[in-house]
Amino acid sequence: MDLALFSGKIVLTTDYYDKQTRDLLINVNLPASTGFGSGLRNLGQTQNRGWELGINTFQVDKKDAGWSTSMNISFNRNKVVDIGGEGSEIFTGAIPENGFAVIVKEGLPLGTFFGYVAEGVDPETGDMTFKDLNNDGQINDADREVIGNANPDFIWGISNSVRFKSFRLDFMFQGVQGNDIFNATRIETEGMFSVKNASATTLNRWQQSGDVTDMPRAIFGDPMRNARVSSRFIEDGSYARLRAASLTYSLPQSLLNNFKISHMEVYVSGQNLLTFTAYSGYDPEVNRDGNSSTSLGIDYGTYPQSRTITGGVRLEF
Amino acid sequence: MKKYLFPLTLLLILGLAAQSCSSLLDKAPLSDLTSGNFLQQGVDAEAVLAGAYDMLQSEYYIFDLFTNGDVISDNCYAGGDNPNNFQLDQFRVTTTNGNVQRDWGYLYEGISRANAVLDNVPDLVDPTFSDTRKAQVLSEASFLRAYHYFHLVNLWGGVPLVKHVVTSTDPDIVQQPRATVDEVYAFIISDLEFAAQNLPLSFPGQAGRATKGAANALLAKVYAHQPNPDWTKVSAACDAVISSSQYELLASFDKLWDGTANNSKESIFEIQFIGSSPESNWGVQLYMPPSLSGDGWRKFNTPANDLVNAYLAEGDSVRYKSSIFWEGNLPWQDENYPGGLVPFPNKQRKPSSWSSPAHIMVLRYADVLLLKAEALNELNQTATAIGFLNQVRSRVSLPNTTASAQADMRAAVAKERRLELAFEGHRWFDLKRTGTAIEVMNALGFSYQVDANKLLWPLPQREMDANPNLVQNNGY
């Protein structure tokens with residue numbers, strides 16, 4: 001649905017979609033007893049549905065000044081509809097020496113994290129406590145459940161274009177809200193299971209009986225598997241980011257005419273200039289597994305995006 | 001590609017003329033070689049077989065074999081700095097232990113490569129590829145498959161029996177349940193009996209191939225390791241090796257390890273290395289002290305005090321000196337040797353900066369002689385058994401055994417196997433099959449308590465997740 005108000009000064013667009021994708025070919029992890037690590041399997045059916053909303057406004061539109069804003073927000077809900085029968089499960093997102101972190105299952109979205117439920121550090125022992133989901137008195141692989149979702153509640157963007165006399169400023173904010181990240185980098189930097197560099201956060205680790213902290217003890221080999229795939233490493237991946245900004249100054253024509261230059265402008269622009277996030281890793285906008293459609297939102301020593309600043313002069317003769 | 005251009009063009013034209021569009025588009029890619037379509041000549045079969053042998057140079061047989069056979073047992077401490085190895089050494093293995101996961105993978109990859117030979121070679125028609133050679137190729141692959149399964153069943157108990165190359169990702173095909181221990185042993189034995197029947201006594205000029213002797217030696221071990229050892233068959237398989245006149249003990253024990261007697265008369269199955277990548281035994285660098293390795297980090301598979309004392313108590317100076325190398329002034333502290341002098345396993349030498357040419361002998365004649373002695377003793381022929389034990393002892397200048405009663409002889413053979421075969425990947429499996437593992441390990445006085453559950457590894461969590469038809473071992 002599209003709507004234009006106040007002589008086109010405000011333009012609204014909304015879309016609703018419901019997309020069923022069938023016969024997906026997904027690279028699935030095979031039992032190693034096959035002699036192979038993974039293979040392509042026809043994954044059945046997934047569903048994406050949601051809303052997209054866009055608003056363009058033209059607040060000022062004069063000869064010497066202008067200001068326009070474009071906003072968009074979209075809410076997508078993803079769901080696995082069929083992977084070959086109710087109860088079928090496919091695990092992916094393997095963390096080195098820690099098994100899988102992602103489950104693909106009917107009714108759940110793609111990018112669902114799966115693992116133990118961490119309940120904090122036991123002040124007596126310094127080990128993590130994990131939830132005994134099936135109440136059988138022991139903590140084993142049967143005590144894992146859904147611990148997070150890499151899909152955001154919504155994603156949004158706002159871009160502004162402002163001009164005043166010879167100056168023009170363009171900037172765009174962009175963000176996602178409500179997604180989880182499995183920060184597997186922290187397994188290495190906060191696992192404290194082998195002799196290597198650790199994060200400064202481990203200074204806060206449990207050291208003697210009675211210590212109340214969220215950082216377990218340091219013990220070679222991690223006998224109690226404090227660093228297993230658990231909700232301990234799930235973090236809120238929401239962020240807002242100044243994705244791009246540029247400031248341009250056009251030199252006055254009267255000055256240029258002497259040099260037979262028809263147009264000249266000086267500009268400075270930058271990408272990824274500011275990020276607002278509670279995420280503890282380098283960059284909330286990561287996925288170790290690149291374009292994988294099933295293994296989303298895993299940070300494992302993943303390189304952050306660079307911040308770039310460019311300056312220049314544009315000449316026309 | 002050029003030589004296919006004409007037939008390809010012709011095919012396209014004919015295809016356009018004669019076939020509907022969809023079947024034209026469904027053609028298999030002509031340029032792709034897969035294990036299913038490229039066996040057309042004998043040399044192809046040999047290439048697939050070489051791929052199966054290649055798994056003997058995997059991390060499993062270069063390094064993990066000795067972690068599993070010696071570090072887990074009372075022969076070695078984990079050493080090094082790898083938490084996975086410490087977990088194994090200290091009996092607190094988890095379902096995500098990296099060694100447990102990778103060893104499962106390596107062994108099944110080896111099985112898959114052997115299956116590629118066994119599935120595809122039988123139908124190959126090439127007049128230059130004789131039936132005899134074809135049977136040998138199949139037998140060599142059968143031997144390799146049996147050897148991998150032997151390790152699997154020893155480490156995990158009953159495992160899925162994958163008998164053919166998996167060419168589908170269909171869950172019904174790839175998610176195989178575990179077979180029983182007896183089923184796995186029956187499968188291993190049928191592979192080895194086939195191999196023993198068809199393999200030649202030797203492949204002159206082609207060291208490293210599985211021979212009749214290798215198949216029989218492994219059969220002897222398999223019959224001794226199965227849940228109810230068949231000592232008559234152990235004895236018969238040993239006899240097949242002994243009476244073949246192919247093997248003898250080297251006069252010098254040390255020559256077995258110094259690199260001057262590769263593929264000797266004592267060697268029955270030996271993994272070949274030439275010392276340049278990718279044919280390097282990189283494992284040697286992991287064990288050898290700074291004076292030989294040229295680096296300064298803590299080494300793996302440190303010989304245990306208990307083993308050192310066993311050599312000293314026996315007065316076994318020949319094997320002690322050949323098997324263990326001592327060095328002091330190390331850049332690290334070893335909590336097991338506070339005095340500063342630390343022992344290192346010495347049966348693979350010349351680290352050569354990760355490119356060692358040291359071969360790995362996985363089956364040798366002394367092992368067979370001691371199995372023969374053990375079998376005869378269990379068959380109440382202790383007096384005859386003593387002779388085989390003494391053969392092994394006299395080579396290293398030890399006096400004849402004083403054991404004469406069956407129980408004493410049993411203990412004497414077990415001790416002899418330990419001193420003779422240390423650092424060769426046998427000890428832990430010997431302890432398990434003789435039912436002495438729990439008692440021996442708990443007597444060492446470490447903080448762990450070994451129980452029956454800990455004699456088997458957990459199935460890797462990754463495997464359990466990928467295959468819901470698996471049932472986990474007890475205790476994990």
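This is a predicted model: local features need pLDDT of at least 70, side-chain atom pairs count only at pLDDT 80 or more; totals for chains, interfaces and linings use all residues.
Q: What makes strand E2 (residues 10-22) of chain A hardly covered?
A: The count of buried residues among the 13 residues of E2(A) is zero. A residue is buried if 20 or more other C-beta atoms lie within 10 Å of its own, exposed if 12 or fewer, and partly exposed in between, with the C-beta atoms placed from the backbone. Residues are numbered from 1 along each chain as its sequence is written, and chains are lettered from A and ligands numbered from 1 in the order in which they are written.

Q: Why does one side of strand E16 (234-236) of chain A lack a neighbour in its sheet?
A: The sheet is open, with three strands in the order E16-E15-E19 (chain A) and mixed pairing. E16(A) and strand E19 (298-299) of chain A stand at the edges with a single partner strand each, so one side of each has no neighbour in the sheet. Strand E15 (residues 180-183) of chain A is joined to E16(A) by three bridges, and these strands run antiparallel. Phe182(A) stands opposite Ile234(A) in E16(A).

Q: Why is chain A said to be more spread out than a compact globule?
A: Chain A has two helices and 20 strands. Its radius of gyration is 26 Å, well over the 20 Å that the globule rule gives for 317 residues, so chain A is more spread out than a compact globule. The radius is taken over C-alpha atoms, and the rule is 2.2 Å times the number of residues to the power 0.38. Along its principal axes, the C-alpha trace of chain A spans about 85 × 50 × 40 Å. Buried residues make up 30% of the 317 residues.

Q: What makes helix H6 (98-120) of chain B largely enclosed?
A: Of the 23 residues of H6(B), 18 are buried, so the rest of the structure largely encloses this helix. H6(B) reaches 33 Å from its first C-alpha to its last, close to the 33 Å expected at 1.5 Å a residue; the expected span is 1.5 Å times one less than the number of residues.

Q: What does H6(B) give to the side of chain B that touches chain A?
A: The contact takes 32 residues from chain B and 31 residues from chain A, with two residues in contact if their C-beta atoms, placed from the backbone, lie within 7 Å. H6(B) provides the largest share of the chain B side, seven residues.

Q: How do you know that Val362(B) and Arg395(B) are buried?
A: Val362(B), in strand E6 (residues 360-364) of chain B, has 22 C-beta neighbours inside 10 Å and therefore counts as buried. Arg395(B), in helix H17 (residues 382-395) of chain B, is buried with 20 other C-beta atoms within 10 Å. Leaving out residues up to four places away in sequence, Val362(B) touches Phe269(B), Ile271(B) and Gly425(B), and Arg395(B) touches Leu249(B) and Phe253(B).

Note on methods:
Helices (H or I, at least four residues) and strands (E, at least two) are DSSP runs, numbered from the N terminus. Two strands pair if DSSP finds at least two bridges between them.
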